Amino acid sequence: MNTGSSFASRRQVVFAANRILVSYEAGAAPYEGNTPMAVFRLVSIDVRTGAVKNTKEFVGKWGSTPYLYSTKDEHVIYGNWTLTKLNPDLSESGPRFAPDHGRAIYMSPDGSTIAWETTPGTTLIDASTLTPTDRRLTESVPTSVSTRAVVTDNSWWIRDFPKDKGFVTLIDEKEKRLLYHGACGGRPEFLNDERVFVAGCGKIWILDLQGKILRETEKRAGEINFAGVSRNGRRFAVAYSDGSGDPFRLTYEYFVIYDTETAQEIAVMRVKALPERQSWSALSPDGTHFVVGNQYELNLYRLP
């Protein structure tokens, strides 16, 4: 369960100041009644030396590995239903947020804003204080959030485009509008407040907020999964992989770092110790470093 989904893989490791923080399932724990339990571990690693500086462990429900979010003010939000703000050394910095309903699992690329699914609608939360703002949007199932809007692939415009299978919708405080429709398309992701990532049919598209395709990459084989964006929004990472079998196992996985403005490749990293689904990954705030790994190993790369 350490790499159960593409979304989870981007929430297991983050950069915070001069540390890399990792969250993962470290082992089994005794059942509580009929509920399977597990030991979860948080680790704080020095970026310069690779030394483990701080660790914490706790017992929770099996399969519910806590998520990590890097904030604009160089802290980390630790999410396991309740959101708790941590210092890079894993000590608590004060703010907490415990929603009475709905999920709060999406963070804007710049680390300033969290989307809370209040259902109906979405409320935006200030990541520095973990308090709801006065900004509320009509969409209840976002897939990504910026500082002022959300995007989703859960709104279907079939009446207007009955032959299409992929749709990307943007919702801000003013309106709800279609950004993309086509034969295919995966989960949209904000790269910054002005650019949206969409992948499908072996390609990547970068859209502006009016739905214009600004950049399109060449077609590649394998599954495409978003793998993170730098806090300054200038670079993003994509995981390419394929696999087979029952149970499913990866046969290869590699990551490509792209420039947001040009969609040009900056670097390629191939994974040797293959994970169950997708390796954990994160770009540093300035996009100069990339960390990738899984339950077997963690590697830090300096990017050109």
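Predicted model: local features only at pLDDT ≥ 70, side-chain atom pairs only at ≥ 80, totals over all residues.

Reader: Where does leucine 90 lie, and is it buried or exposed?

Author: Leucine 90 is in the loop between β7 (82–86) and β8 (92–97). Buried means under 20% relative accessible area, exposed over 50%, and partly exposed in between (1.4 Å probe, protein chains only). Leucine 90 has a relative accessible area of 1%, so it is buried.

Reader: What makes the phi of leucine 90 worth a remark?

Author: Most residues other than glycine have a negative phi. Leucine 90 is not a glycine, yet its phi is positive, near 80°. Cysteine 201 is another such case, with a positive phi of about 55°, and it is found in the loop between β18 and β19.

Reader: How do you know that cysteine 184 and cysteine 201 form a disulfide?

Author: The rule asks for a pair of cysteine sulfur atoms within 2.5 Å. Here the sulfur atoms are 1.6 Å apart, and the pair qualifies. By this rule the count comes to one disulfide.

Reader: Why is this disulfide called left-handed, and which parts does it tie together?

Author: The torsion about the S-S bond is about -125°, so the disulfide of cysteine 184 and cysteine 201 is left-handed. Cysteine 184 sits in the loop between β16 (176–182) and β17 (189–190) and cysteine 201 in the loop between β18 (196–200) and β19 (203–207), so the bond ties together parts 17 residues apart in sequence. Cysteine 184 is at 16% relative accessibility and therefore buried, whereas cysteine 201, at 42%, is partly exposed.

Reader: What makes a set of residues a nonpolar core?

Author: The members are buried Ala, Val, Leu, Ile, Met, Phe, Trp, Tyr and Cys residues joined through side-chain atoms within 4.5 Å. The largest core in this model has 20 residues, and Ile77, Leu83 and Ile114 have the most contacts inside it. Two or more residues come from each of β9 (104–107), β10 (113–117) and β11 (122–126). β9 gives the most, with four residues. Apart from this core lies another, of 15 residues, including Ile206, Phe226, Tyr258 and Ala263.

Reader: Why is the pair of phenylalanine 197 and phenylalanine 226 given its label?

Author: There are 14 aromatic pairs in the structure. Rings of Phe, Tyr and Trp (its six-membered ring) pair if their centres lie within 6.5 Å; planes under 30 degrees apart count as stacked, over 60 as edge-to-face and the rest as tilted. The centres of phenylalanine 197 and phenylalanine 226 are 4.9 Å apart and their planes stand at 50°, so this pair is tilted. Phenylalanine 197 belongs to strand β18 and phenylalanine 226 to strand β21 (residues 223–229), so the pair ties together parts 29 residues apart in sequence. Both phenylalanine 197 and phenylalanine 226 are buried, and together with Phe236 and Tyr258 they form one aromatic cluster.

Reader: How do you know that arginine 148 and aspartate 193 form a salt bridge?

Author: A side-chain nitrogen of Lys or Arg must be within 4 Å of a carboxyl oxygen of Asp or Glu. The closest N and O atoms of arginine 148 and aspartate 193 are 3.3 Å apart, and the pair passes. Arginine 148, at 38%, is partly exposed, and aspartate 193 is partly exposed at 21%.

Reader: Where do the residues of the bridge between lysine 203 and glutamate 216 lie?

Author: The N to O distance in this bridge is 2.8 Å. Lysine 203 is in strand β19 and glutamate 216 in strand β20 (residues 213–216), 13 residues apart. At 26% relative accessibility, lysine 203 is partly exposed.

How values were computed: Residues numbered from 1 in each chain as written. Heavy atoms only, no water.
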